[in-house]
Amino acid sequence: MRKSEAWSSRVLGKYGSLSYTSAMSSIRVPTELKEFAAVFKAAGFMCYIVGGAVRDSLLGLPVADWDIATDALPTDVMRLFKNVIPTGLQHGTLTVRWRGKSLETTTFRLDGGYSDGRRPDSVEFTSDLKADLSRRDFTINGMAVDPADGLVVDPFGGRADLKARIIRAIGDPMVRFDEDGLRPLRAIRFALRLGFAIDAATFDAIPSRIAKFRLVSPERVRDEISRMLACAKPSEGFLMLEKSGLLAEIFPELQACRGVLQGLLHSFDVLDHCIASCDAAPPELELRLAALLHDVAKPACRTEEPGGLIHFYGHDSASAAMAGGILRRLKYPNAVVDIVTHLVRHHMFDYGPQWTDSALRRFAARVGLDYMRPLVRLRLADSAGMRGAPADPRTVMPLLERLDALVAADNAFCVKDLAVNGNDLLKAGIAKGPVMGKILAELLEAVLDDPALNERGRLLDIASKVKEKYGPFLSGDE
Ligand code: ATP
Ligand code: MG
């Protein structure tokens, strides 16, 4: 499976055993950060660790990014350090390369609201740390640490909320969600990731701020959804989204799956089945998206016989088309859209030991060898999502073992694997063009059936016979 680094997700996990144990007033700060802060101090500036690094350190979690806040202006920071990249200068953010780390360094600021839901209208720098912390979204994200002594600055009760495992807006949630419509989705993302509850007033403010959420750019929504999909149990996040009204905004097609019943084999309606399958899929972005959306067209494809038998004819390709539309709407990169739609389109295969080698080769040729492993994983996730219990891997894993053996035996799975190529056919008198493509496809068909035919001489023999069929079009001008 093609996997771009940026998009392959990691398991952030749901830290079931995670606990905020003592009334911690300090965190352990890595030496290089202490040295970094000392440069600011020597020049008369403040320097604090802020946001997620403080929260995660207090929770005993590994810290992914150390974000820094300072009263130094961007121009000051550029003067103090050699290796500075202006990553978000309009918001006062620079990335400083320091002792092998990339430190996102932002000047203390106040945001002037997000009237377009995309970016702050204005940014005002300040020298007041507390003012900077007050613009942050949740109490657990609104703490700072002085690297020199590791002491925590906590003006909004972030530590108490960590202890109580609560996501709570800083200030009035209505106002805070009005300023930036993405925050409701972030609240759900943090609750899911940390296994926290959302404070009632914070959660209750979400439905009335939906209009504001609609202004948020699809890219920002997409990034939060991707982070949710990297968590251990995305279904819990999707249920929160549904309860808050956000599911109908982001994925109306999934919301339409609620209450759509599927007959005897299934314990769940289509929505619960989709999110249970998503949980069961390995935490890679494309697989999680494919599992989430693999049945999204079922409501549209559902038919019920008079006897009560339920069918969803054609839902695989209809779901692939719908999934493509959803992912393009959310601005997922084409590479992600292509992988997900391809997996969804092919998810309805029914492997059994009666499959012949030739059937197996044909299936792998149609799907593409690179997709076979993810497709099998999707199938297992789909089965697990039927009843909410792990699927028996013995049902489909033999498919992969047999396929590995066929690959090891050098079997052909695509035109490129054939013992002849276009040039050979050219020499045999077949002009370039659509006819040559058709002849190559026929040669592949023959070889998928019988790999022993994959020899130059035998293929050229077949090609010359097949050629007769296309005789009048051999000029290639067809
Ligand atoms: P993660 O580990 O998931 O990256 P994080 O807390 O670092 O968690 P980011 O989205 O990277 O989350 O944001 C960094 C910090 O910036 C947050 O902790 C928060 O203080 C602040 N922040 C980010 N986005 C917003 C927002 N939309 N509104 C208010 N504050 C925000
Ligand atoms: Mg971060």
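This is a predicted model: local features need pLDDT of at least 70, side-chain atom pairs count only at pLDDT 80 or more; totals for chains, interfaces and linings use all residues.
How many residues has helix H21, and what distance does it reach from its first C-alpha to its last?

**Figure 1. Helix H21 and its length.** Helix H21 covers residues 397-408 and has 12 residues. From its first C-alpha to its last it reaches 17 Å, which is close to the 16 Å expected at 1.5 Å a residue. After the helix comes Asp410, a residue with a positive phi, near 70°.

**Figure 2. The buried and exposed sides of H21.** Four leucines of H21 are buried, namely Leu399, Leu400, Leu403 and Leu406. When the helix is seen down its axis, these buried residues fall within an arc of 120°, so they line one face of H21. Glu401 and Ala408 are exposed, and they are carried on the face turned away from the buried side. Against which helices do the buried residues of H21 pack? Their partners are helix H19 (357-367) and helix H20 (369-387).

**Figure 3. Gly388 in the loop between H20 and H21.** The loop that lies between H20 and H21 contains Gly388. Is Gly388 buried or exposed? Its relative accessible area is 53%, and because a residue counts as exposed over 50%, Gly388 is exposed. In sequence, Gly388 and Asp279 are 109 residues apart, while in space their C-alpha atoms are 9.4 Å apart.

**Figure 4. The packing of helices H7 and H10.** Two packed helices are described by the angle between their axes and the distance between the axes. For helix H7 (residues 183-194) and helix H10 (residues 218-229), the axes come within 9 Å and cross at roughly 15°. Angles under 35 degrees count as roughly parallel, and H7 and H10 are therefore roughly parallel to each other. Their crossing is left-handed. Which residues meet where these helices pack? H7 contributes Leu185, Arg186, Ile188, Arg189 and Leu192. On the side of H10, the residues that meet them are Val221, Glu224, Ile225, Arg227 and Met228.

**Figure 5. Arg209 and its surroundings.** Arg209 is found in a loop, with helix H8 (200-204) and helix H9 (210-213) on either side of that loop. Leaving aside neighbours within four places in sequence, which residues are in contact with Arg209? They are Met174, Phe177 and Asp178. Phe36 stands 173 residues from Arg209 along the chain, and the C-alpha atoms of these two residues are separated by 40 Å.

Conventions: Residues are numbered from 1 along each chain as its sequence is written. Chains are lettered from A and ligands numbered from 1 in the order in which they are written. Side-chain values use heavy atoms; hydrogens and water are left out. Helices (H or I, at least four residues) and strands (E, at least two) are DSSP runs, numbered from the N terminus. The expected span of a helix is 1.5 Å times one less than its number of residues. Buried means under 20% relative accessible area, exposed over 50%, partly exposed in between (1.4 Å probe, protein chains only). The arc is that of the directions from the helix axis to the C-beta atoms. Contact means heavy atoms within 4.5 Å. Axes are lines fitted to C-alpha atoms, for helices over the stretch in contact, and angles run from 0 to 180 degrees between N-to-C directions. Angles under 35 degrees count as roughly parallel, over 145 as roughly antiparallel, 65 to 115 as roughly perpendicular and the rest as oblique. A crossing is left-handed if the near helix is turned anticlockwise from the far one by less than a right angle, and right-handed if clockwise.
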